[in-house]
Amino acid sequence: MTDPRTLAGRRVLLIVAGGIAAYKALELIRLVTGQGGSVQCVLTEAGARFVTPLSLQALSGAEVRTDLFSLSLESEMGHIALSRAADLLVVCPATADLMAAMATGRAHDLATTLLLATDTPVLIAPAMNVRMWDHPATQANLATLKARGVHVVGPDEGVMACNEFGFGRLSEPPAIVAQIASLLAPAPQPLAGRHALVTAGPTHEPIDPVRYIANRSSGQQGYAVAAALRVLGARVTLVSGPTTLAAPPGVERVEVETAWQMLAACRDALPADVAVCTAAVADWHVTPTPTKIKKTPGGTPPTLILADNPDILAELSQPSARRPTLVVGFAAETNDVIAHATAKRARKGCDWIVANDVRAETGIMGGQDNEVTLITPDGAETWPRQPKTQVAAGLAARIADMLAGCSPLSPRTPEPR
Ligand code: C5P
């Protein structure tokens, strides 16, 4: 038997579009509120031809929104805030037209504007004539939406209102509400109560007030690792060199410029249960001049005297009372990847190394995918080529498994290698 309060405290924004199945949205509202959830309805102009705002309002207990340009409501709650106030956007029924608008990013009414402006998960329940459903245009739109992470329930097969038979019937409301409940079920958070420190991005080493030495790191893999650890419930401190990336939701970002600043920020962030060093830290710095170095016509070009930067990964790996339980480094190699990365693990004193082959022909540097080998005291394990976000999710899951046996914030002497 389902828990009658499965949706307690969860907020659904229900978009009702114009199809003969729109009347089933009324049953859906009853089921969601019956399980303790709240529903705010948005009705499209076409949807209002099939169900009335009054019926939706009576069942949901909330004023139904229909108008993108409603001045009174706009001043109280902007249309963007409307979608942010929900835990899930549900489109029921999702017509062929609304799916096309979503796939092409149109924002011509309140429903499409909300769908374009939201970063909240979206579930669509398509319903339409079987030929419209089978049409390559609808199928292409469906594939686009799925690829963007939109969840889909149905349609079911059966007799339609137009007396044709096939796929296109709206899923029954209990099936839709079951999907809503599974999407809103709290994700397992094995890293809750843990603190993760992640370094990411390049460092910039100033030469004078206007010039600096840098590298091509984008920070993407490190930001993905920070996001993945956060999703598993960790408190995450992301110490980042200069990048163009937005901080992942819920992650505390400390922005630094130089290697020395990165080291200081890492020391400040300790203690941590796990440290993952993905940053491309510059190997050297220059002692910067306080004023801009002038170019004198015919003069001798200046000589840059380089000095070593601190090795942040090696310092975090040093046995000490503040050593994180698990220290993970990254190694970008162009040949003999496993041998070099294994040697690097020993040299730096870290527990694990994530190694990858960054030869130009692999397309990994600057690309979306990565193919990594995880090197641990137990040996080397090569993972299949996959998006960098999935590499991050896989690594976060392994970190959670490893920490499961350790009490929070317990320093550990690294195993002999
Ligand atoms: O020595 P190499 O740069 O190849 O080592 C790569 C690993 O060491 C990465 O995890 C990187 O974040 C870390 N590292 C560091 N501080 C440095 C140099 C590298 O933390 N100064």
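**Helices across a sheet**

Student: Which strands does helix α11 (residues 259-269) lie across, and at about what angle does α11 run to β11?

Tutor: Helix α11 lies across β8 (195-200), β11 and β12, and runs at about 165° to β11. Contact here requires C-beta atoms, placed from the backbone, within 7 Å, while angles run from 0 to 180 degrees between N-to-C directions, along axes fitted to C-alpha atoms, for helices over the stretch in contact. Helices (H or I, at least four residues) and strands (E, at least two) are DSSP runs numbered from the N terminus. Residues are numbered from 1 along each chain as its sequence is written. This is a predicted model, in which local features need pLDDT of at least 70 and side-chain atom pairs count only at pLDDT 80 or more, whereas totals for chains, interfaces and linings use all residues.

Student: In what order do the strands of the open sheet stand?

Tutor: Two strands pair if DSSP finds at least two bridges between them. Here 8 strands form an open sheet with mixed pairing, in the order β12-β11-β8-β13-β16-β17-β19-β20. The edge strands, each pairing on one side only, are β12 (252-255) and β20 (379-382), and from one strand to the next the twist averages 20°.

Student: In which sense do β11 and β12 pair?

Tutor: Strand β11 (residues 235-240) pairs with β12 in the parallel sense, over 4 bridges, and the bridge partner of V239 is V254 in β12.

Student: Where does helix α14 lie?

Tutor: Helix α14 (residues 388-403) lies across β13 (274-277), β16 (326-333), β17 (352-357) and β19 (372-376), and runs at about 150° to β16.

Note on methods:
Contact = placed C-beta atoms within 7 Å.
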